[in-house]
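Here is a short note to go with your first look at this model. Have it open beside you as you read.

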Amino acid sequence: MIRNIKYLALMPLFAVLLSCVSEEENLDVIFEEDLDKIETYIQNFPDEYMKKEEIEGTGIVLLFTEVVEEGEVAAFRDTLAVDYTGMLLDGTVFDSSIEQTARDNGLYSESRTYEPYELVLGVSSVIQGWHGALSLMKEGEKATALIPSYYGYGSQAAGSIPPNSVLVFELDLTEIRPYQP
């Protein structure tokens, strides 16, 4: 009887250990599925793109639709201004800094200002995928960023964004203001 109680007492520990392993395995499966979805999206990309860049090991891909030859890419702690439209892979728009896009997709709010979003690269509280994508861009460039769910909202839903969603962002880096210590 006492031996059975010891085993019962250890059951929660085993359950926790097993759930950690399966959660990690589950994240790997979701990540691989995200990579497949991104590859399919790229193969069916509706616009021509001038160049493709990837952040190795992350699955984040940028398809540049406008490229700037001169200039520097954004750097850590630079202040950036970005016009953007966020979508799901099926084209459902969930957010935009562009008034007409918001109106066209039933997202317009009179209480919001529609102008480029400002953030400090590597510091501001935006999804990790944005920091990664924007670190590959120069002022004046436009790109479509494909962001695996791990670098977006992960297993959490966010507004109209379902859990484990690959995110598509049309990004227009309108301004880079270098960091001033």
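1. Is D95 buried, partly exposed or exposed? With a relative accessibility of 24%, D95 is partly exposed, where buried means under 20% relative accessible area, exposed over 50%, and partly exposed in between (1.4 Å probe, protein chains only).

2. A word on the basis: this is a predicted model, in which local features need pLDDT of at least 70, side-chain atom pairs count only at pLDDT 80 or more, and totals for chains, interfaces and linings use all residues. Residues are numbered from 1 along each chain as its sequence is written, and side-chain values use heavy atoms, with hydrogens and water left out.

3. On the overall layout, the protein chain has three helices and seven strands (DSSP runs: helices are H or I, at least four residues; strands are E, at least two; numbered from the N terminus). Their order along the sequence is α-β-β-β-β-α-β-α-β-β. Of its 181 residues, 37% are buried.

4. Back to D95: its side chain forms a salt bridge with R112 (2.7 Å, N to O), a term for a side-chain nitrogen of Lys or Arg within 4 Å of a carboxyl oxygen of Asp or Glu. D95 sits in strand β4 (residues 93–96), and R112 in the loop between α2 (99–104) and β5 (117–120), 17 residues apart. R112 is also partly exposed, at 30%.

5. Another salt bridge joins R103 and E99 (2.9 Å, N to O). Both lie in helix α2, four residues apart, about one turn of the helix.
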